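I opened the notebook to look up a few residues and some overall numbers. My notes follow in the order I checked things.

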Amino acid sequence: MLDLIKINPKSRKPKYLQIVDSIIENIASDNFKIDEKLPSINNLSEEFYLSRDTVEKAYNLLKEQKVIVSIKGKGYFVNRTPLIAKTNILFLINKLSNYKMKVYNSFVAHAGAKAYVDLQVYHCDEGLFLNLLNKNFGAYDYYVVMPHFKTESLNHVSTTPEVEKALAKISKDKLVLLDNNKGPSEDIFLQIYQDFQEDIYNALNEGIEKILGYNKLVLVYPEKSVYPYPKRILHGFRKFCVQHHLDFEIYDEIYDEMILKKGDLFIVIEENDLVNLLKRIRERDLVMGKEIGVISYNETPLKELLGITVISTNFVKMGQHAAERILNKKGGRFKNDFNFIDRNSI
């Protein structure tokens with residue numbers, strides 16, 4: 001067993017992390033079996049001329065990650081863990097929304113039995129994200145991250161200096177970024193992203209013929225959301241309106257007493273605002289799709305059922321593409337499809 005553990009004395013990676021990586025790799029490759037006893041701390045330190053503290057640090061990290069277990073008086077053993085003969089993936093998602101779960105479910109479905117996928121949600125919180133990443137550092141073959149964070153004032157940021165530092169510790173060939181095209185992208189294994197500014201601009205251009213039939217465009221962009229949205233959505237909307245000389249307004253929510261006028265076209269981002277808008281349209285006896293228009297951001301099954309026109313990336317394709325690329329070990333940088341889906345609401 002000792003001859004299967006590889007330590008490179010010339011590597012800049014700390015020796016204890018090399019031990020962790022080597023043991024996990026041997027477990028995943030089925031070289032080390034479930035319940036098999038590992039070399040003792042003394043044996044491992046003597047074999048590679050390492051201090052006991054270095055080996056003990058590696059074993060303690062493996063224990064925390066539940067890769068191995070220790071039995072008093074007997075030693076260290078390979079744990080009954082899902083990290084066996086599979087590609088092991090940590091999937092860090094920023095929120096449990098319908099469309100983010102579409103990405104995850106598609107990813108898991110297309111990864112199939114060849115991968116073990118551990119889903120963790122960090123709620124756009126930097127501290128929680130850093131804690132999850134630190135806790136699971138070195139335990140996975142790939143780290144899939146959807147990088148969306150919020151400031152104390154509930155503004156959206158793609159990354160922070162501390163997040164950048166944490167991601168820089170992950171081997172570039174193990175890092176996958178989904179959904180966001182901002183943040184660390186140089187030399188990482190895989191990135192599949194939305195371009196929030198150009199996506200909304202191009203999608204609205206797809207529906208330009210119908211959009212030009214309205215007097216005013218109203219974007220409902222939540223300024224202070226629990227899960228904030230990229231400002232680039234605003235920039236793309238403004239770019240579209242200015243280019244086509246369209247009258248427009250921007251509000252942060254649909255108010256209970258909000259005045260609706262015939263000839264308005266609403267572009268709504270959050271589900272609650274969409275529900276409130278549809279209630280107001282019904283109360284005013286306005287005919288949706290003729291007297292007033294509605295476009296919603298991000299596709300969901302309910303919007304399809306209700307016949308709501310949407311502008312949306314293809315979340316299913318994003319998850320599928322990511323899973324297939326990882327399993328085939330073919331990285332790269334790809335923009336995900338974003339479309340105008342025309343239905344009965346405009």
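In which strand is V144 found? I looked it up first, keeping in mind that this is a predicted model. V144 sits in strand β5, which covers residues 142–145.

**Entry: V144**

I checked the accessibility of V144 next. Its relative accessible area is 0%, so V144 is buried. I then listed its contacts, leaving out residues up to four places away in sequence. V144 touches I89, L90, F91, L92, F107, V176, L178 and I326. I also took one distance from V144.

**Entry: T87**

I moved to T87, which belongs to strand β3 (residues 87–93). T87 has 17% relative accessibility; the cut-off for buried is under 20%, so T87 counts as buried. Beyond its neighbours within four places in sequence, T87 contacts K114, A115, Y116, D141, Y142, I326 and L327. I noted that I326 is in the contact list of T87 and also in that of V144.

**Entry: the protein overall**

I stepped back to the whole chain. I found twelve helices and 16 strands. The C-alpha atoms fill a box of roughly 80 × 35 × 35 Å along the principal axes. Of the 346 residues, 50% count as buried. I looked at contacts with a separation of 6 or more: residues 24 or more positions apart account for 70% of them. The protein exposes about 16,700 Å², and carbon and sulfur atoms supply 48% of that area. The mean positions of the 48 positive and 46 negative charges are 4 Å apart.

**Entry: salt bridges**

How many salt bridges does the structure hold? I found 14.

I looked at D21 and K13 first. Their side chains meet at 2.6 Å, N to O. D21 counts as buried at 18% relative accessibility, while K13 is partly exposed at 30%.

Next came K335 and D199, whose side chains also form a salt bridge (2.6 Å, N to O). K335 lies in strand β15 (residues 332–335) and D199 in helix α7 (residues 196–206), so this pair ties together parts 136 residues apart in sequence. K335 is partly exposed, with a relative accessible area of 40%. D199 is buried at 2%.

I then checked R343 and E299, a salt bridge of 2.5 Å, N to O. This pair links distant parts of the chain, 44 residues apart: R343 is in the segment after β16 (338–341), and E299 is in the loop between β13 (293–297) and α11. Both ends count as buried, R343 at 16% relative accessibility and E299 at 10%. I also noted a network: salt bridges that share partners join K216, D247 and E249.

**Entry: surface patches**

Which residues make the nonpolar surface patch of about 330 Å²? I got L302, L305 and L306. L302 is in helix α11 (residues 301–306) and is partly exposed, with a relative accessible area of 48%.

D252, E253, D256 and E257 gather in a surface patch of negative charge. I followed up E257, which is in the loop between β11 (248–251) and β12 (264–268). E257 is exposed, with a relative accessible area of 70%.

Note on methods. Residues numbered from 1 in each chain as written. Heavy atoms only, no water. Patch = residues over 30% accessible without salt bridge, like charges linked within 9 Å, V, L, I, M, F, W, Y side chains within 5 Å. Areas by Shrake-Rupley, 256 points an atom, 1.4 Å probe, with all protein chains shown as cover. Salt bridge = Lys/Arg side-chain N within 4 Å of Asp/Glu carboxyl O. Lys, Arg positive; Asp, Glu negative; His and termini not counted. Charge placed at Lys NZ, Arg CZ, Asp CG, Glu CD. Helix = DSSP H or I, 4+ residues; strand = E, 2+ residues; numbered from the N terminus. Buried < 20%, exposed > 50% of the residue type's maximum accessible area, 1.4 Å probe, protein only. Contact = heavy atoms within 4.5 Å.
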